[in-house]
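Reader: I am new to this structure and would like to learn how to read its features. Please take them one at a time.

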Amino acid sequence: PARQADVFYEVEREYTRAPTTASTLRYAVARVTPGHPASSPQEGKRLLETLLATPERMTQEERVFATVLLHQTNSRLKLEAENRRLLATLDDRSRSQANSDKRVQAQLEENARLRRQLAEAQQKLDAIKEIERSIIERSPTPPGSRDANSSETQSSSTSR
């Protein structure tokens, strides 16, 4: 890393001192080279495009090299943009999945609460049925004749 930093510093210094075609091309190469802190593909691309805007100032080899390097830089920038887009999509889907998981958990808890309430209501209903059964069993009049007796009692009391 120290050697790489030194080389970059020298290339940058040469470019700023005398921005010739050759020093600009070297500086553009240094800017588009990945893996060091001073790497800036956007800046390197801008420099390469500037050089290729005046191809007559470069040798054939420099033009070919700059063209290939520009193509590689464009491809790299597109891949980086696609990578950022995919990461953002992944983040969105992760958040969406987390929200879905929370909703499912809340629904499971609500279902458990409702099942408990249903069980409690069923116990209360069973207790009421048991109370009714015990009242009916203690009653001296059978349930079917109770209605008939109450009709007779009402009719006899109205006729008096």
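Author: Start with aromatic rings: rings of Phe, Tyr and Trp pair if their centres lie within 6.5 Å. The model here is a predicted one. In it, Phe 8, Tyr 15 and Tyr 27 form one aromatic cluster.

Reader: How many aromatic pairs does the structure hold?

Author: There are two aromatic pairs. In one of them, the ring centres of Phe 8 and Tyr 27 are 6.0 Å apart and the planes stand at 40 degrees, so this pair is tilted. Planes under 30 degrees apart would count as stacked, and over 60 as edge-to-face.

Reader: Which helices hold Phe 8 and Tyr 27?

Author: Phe 8 belongs to helix α1 (residues 2-17) and Tyr 27 to helix α2 (residues 21-32), so the pair ties together parts 19 residues apart in sequence. Phe 8 and Tyr 27 are both buried.

Reader: What is the geometry of the pair of Tyr 15 and Tyr 27?

Author: The pair of Tyr 15 and Tyr 27 is stacked, with 4.5 Å from centre to centre and 10 degrees between the planes. Tyr 15 sits in helix α1 and Tyr 27 in helix α2, so this pair, too, links distant parts of the chain, at twelve residues apart.

Reader: Is Tyr 15 buried or exposed?

Author: The cut-off for buried is under 20% relative accessible area. Tyr 15 has a relative accessible area of 18%, so Tyr 15 is buried. For Tyr 27 the value is 6%, so Tyr 27 is buried as well.

Reader: Next, the packing of helices. What describes two packed helices?

Author: Two packed helices are described by the angle between their axes and the distance between the axes. Here, the axes of helix α3 (residues 41-53) and helix α4 (residues 60-138) come within 10 Å and cross at roughly 145 degrees. The crossing of α3 past α4 is left-handed.

Reader: Which residues of α3 and α4 meet?

Author: From α3, the residues are Pro 41, Gln 42, Lys 45, Leu 48, Glu 49 and Leu 52. They meet residues of α4 including Arg 63, Ala 66, Leu 70, Asn 74, Leu 77 and Glu 80. By class, the contact of α3 with α4 has seven nonpolar, four polar and five charged residues.

Reader: Last, Arg 95. Where is Arg 95, and what joins its side chain to Asp 92?

Author: Arg 95 is in helix α4. The side chains of Arg 95 and Asp 92 are joined by a polar contact of 2.4 Å.

Terms used. Residues are numbered from 1 along each chain as its sequence is written. This is a predicted model: local features need pLDDT of at least 70, side-chain atom pairs count only at pLDDT 80 or more; totals for chains, interfaces and linings use all residues. Side-chain values use heavy atoms; hydrogens and water are left out. Axes are lines fitted to C-alpha atoms, for helices over the stretch in contact, and angles run from 0 to 180 degrees between N-to-C directions. Helices (H or I, at least four residues) and strands (E, at least two) are DSSP runs, numbered from the N terminus. A crossing is left-handed if the near helix is turned anticlockwise from the far one by less than a right angle, and right-handed if clockwise. Contact means heavy atoms within 4.5 Å. Ala, Val, Leu, Ile, Met, Phe, Trp, Tyr, Cys and Pro count as nonpolar, Asp, Glu, Lys and Arg as charged, and the others, Gly among them, as polar. Buried means under 20% relative accessible area, exposed over 50%, partly exposed in between (1.4 Å probe, protein chains only). A polar contact is a pair of N or O atoms within 3.5 Å; within protein, one must be able to donate a hydrogen and the other to accept it, and residues adjacent in sequence count only if both atoms are side-chain atoms.
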